[in-house]
Amino acid sequence: MTHLDDRTMTSSGFYVSQEAPIVSDNPVPTPQAPAPDILRCAYMELIVTDLAASRQFYVDILGLYVTEEDDEVIYLRSTEEFIHHNLILRKGELAAVRAFSYRVRAPEDLDKAVAFYEELGCRVERRQEGFTKGIGDSVRVEDPLGFPYEFFHQSEHVERMSWRYDLHIPGELVRLDHFNQITPDVPRAVKYMQDLGFRVTEDIQDDEGTVYAAWMRRKPTVHDTAMTGGDGPRMHHVCFATHEKHNILAICDKLGALRRSDSIERGPGRHGVSNAFYLYLRDPDGHRVEVYTQDYYTGDPDNPVVTWDVHDNQRRDWWGNPVVPSWYTDGSLVLDLDGNPQPVIERTDNSEMAVTIGADGFSYTREGDQDGTYQGEASKGFKLGNQL
């Protein structure tokens, strides 16, 4: 649950406050040990069942650069990256996420990570040689929410491809932007991530105090990860940024030309939350990939927190386009440190899909005018929410 005091309504129709108005009834204990100083999300390690099909999707279609590869694993990076990789595709029998990896500021932050998670009673492993190629001394943990987190500082440097315009494609993916995680208890997740040094930038709530999602950052953008309410722990998506909206449109056109439009799950469109232009894709294993551009700077210490009403029809898509149900229900399994899938726990709080889509839910474009959007005569026949 949460409290909703001290909020200010903006002319754009959402609220702002100075601190995230989110309180957990079941918090993860706050360790006495200091948290590691996290710089940014750095890479994700995915297990894929068909390495060739995944290579075609991520390299031939999306244009990520191959750093190294063999018959079992492919290390990929985006255009602006200088560390060894942003994405690992590792061949396996079960499609899942093996690691959400963050870079820390200094080598001593790895000692802090060990102490922080051991105090929480989490399983912790450390390898001086690293868990993957190109990455040095690393710590991997099964965090209190059930996610496999990694922390590292040292990485091999590789060529930054920003100046290789001869290799760029119209849909160039320039950097890893964020993760998105599915968890049953969003306030609990927020409190834990705040203890880890993250700050909330935006969230979705209702007037009863249910929190449906929260966006959290270390680097000065809208997020390095988001906590989305649902059955979890699962991975909702991994996101790469482009420079401009036209890059996203070019990806759509390319997928259409290749007769791969079924890879497009949602979009293109503009989010209300984050203000970014977006596209959601599904890779050959069903892992969700977002392509994203033009969010905003959040680095000032008094950056306002944005809170959206869950019934605001423009929170997920600024143009009011509805969200397809699979976007709410589907996600990738995550693995423990032994490579086994973590059990998925059902969310008991209200579902965002249930309270906003179809006959059992409602959304509005103009507050107080609910009958003029999803449920009223004006929307019948063309708003998807009325057709479900």
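Guide: Happy to! Let's begin with Ala250, which lies in helix H4, residues 245–257. Keep in mind as we go that this is a predicted model.

Visitor: Is Ala250 buried or partly exposed?

Guide: Ala250 counts as partly exposed, because its relative accessibility is 22% and buried means under 20%.

Visitor: What is Ala250 in contact with, leaving aside its neighbours within four places in sequence?

Guide: Two residues: Pro170 and Gly171.

Visitor: And how far apart in space are Ala250 and Met227?

Guide: They are 29 Å apart, going from C-alpha to C-alpha. In sequence, 23 residues separate them.

Visitor: Let's switch to confidence. What pLDDT does the protein average?

Guide: The average is 93, and 93% of the residues score at least 70.

Visitor: Where is confidence lowest, and where is it highest?

Guide: The lowest is in helix H7, residues 384–387, with a mean of 54. Strand S6 has the highest, at 99. There is also a stretch, residues 372–382, where the pLDDT is below 50. In the model, that stretch has 29 contacts beyond near neighbours in sequence.

Visitor: In what sense do S3 and S7 pair?

Guide: They pair in the antiparallel sense, over 8 bridges. To find one of these on your screen, look for Ile38, whose bridge partner in S7 is Val104.

Visitor: What about S7 and strand S10, do they run parallel or antiparallel?

Guide: Those run parallel, and 4 bridges join S7 to S10, residues 148–152. Here you can look for Tyr102, whose bridge partner in S10 is Phe151.

Visitor: Which residues touch the most other members of the largest nonpolar core?

Guide: Phe151 turns up again here, along with Tyr58, Tyr149 and Leu196. That core has 64 residues. A second, separate core has 15 residues, including Ile204, Trp215, Val222 and Val306.

Visitor: Let's move to charges. How many salt bridges does the count come to?

Guide: The count comes to 26. One of them joins the side chains of Glu45 and Arg90, at 2.5 Å from N to O. Glu45 lies in strand S3 and Arg90 in strand S6, so this pair ties together parts that are 45 residues apart in sequence.

Visitor: Are Glu45 and Arg90 buried or exposed?

Guide: Glu45 counts as buried, at 0% relative accessibility. Arg90 counts as buried too, at 18%.

Visitor: Which residues does the salt-bridge network with Glu45 and Arg90 join?

Guide: Through shared partners, salt bridges join Glu45, Arg90, Arg98, Arg140 and Glu150 into one network.

Visitor: What about the salt bridge between Asp338 and Arg123? Which parts does the pair tie together?

Guide: Their side chains meet at 2.9 Å, N to O. Asp338 is in the loop between strand S20 and helix H6, and Arg123 is in strand S8, so the pair ties together parts that are 215 residues apart in sequence. Asp338 is exposed, with a relative accessible area of 52%, while Arg123 is partly exposed, at 30%.

Visitor: One last residue, then. Where is Glu81?

Guide: Look in the loop between strand S5 (73–77) and strand S6 (87–91). Glu81 is buried, with a relative accessible area of 4%.

Visitor: Which side chains does the side chain of Glu81 make a polar contact with?

Guide: One is the side chain of Arg40, at 2.9 Å. Another is the side chain of Asn86, at 2.7 Å.

Visitor: And what does Glu81 touch, not counting residues up to four places away in sequence?

Guide: Arg40 and Asn86 are on that list as well, together with Glu159, Arg160 and Val174.

Terms used: Residues are numbered from 1 along each chain as its sequence is written. This is a predicted model: local features need pLDDT of at least 70, side-chain atom pairs count only at pLDDT 80 or more; totals for chains, interfaces and linings use all residues. Side-chain values use heavy atoms; hydrogens and water are left out. A nonpolar core is a set of buried Ala, Val, Leu, Ile, Met, Phe, Trp, Tyr and Cys residues joined through side-chain atoms within 4.5 Å. Buried means under 20% relative accessible area, exposed over 50%, partly exposed in between (1.4 Å probe, protein chains only). Helices (H or I, at least four residues) and strands (E, at least two) are DSSP runs, numbered from the N terminus. A polar contact is a pair of N or O atoms within 3.5 Å; within protein, one must be able to donate a hydrogen and the other to accept it, and residues adjacent in sequence count only if both atoms are side-chain atoms. Contact means heavy atoms within 4.5 Å. A salt bridge is a side-chain nitrogen of Lys or Arg within 4 Å of a carboxyl oxygen of Asp or Glu. pLDDT is the predictor's confidence in each residue, from 0 to 100. Two strands pair if DSSP finds at least two bridges between them.
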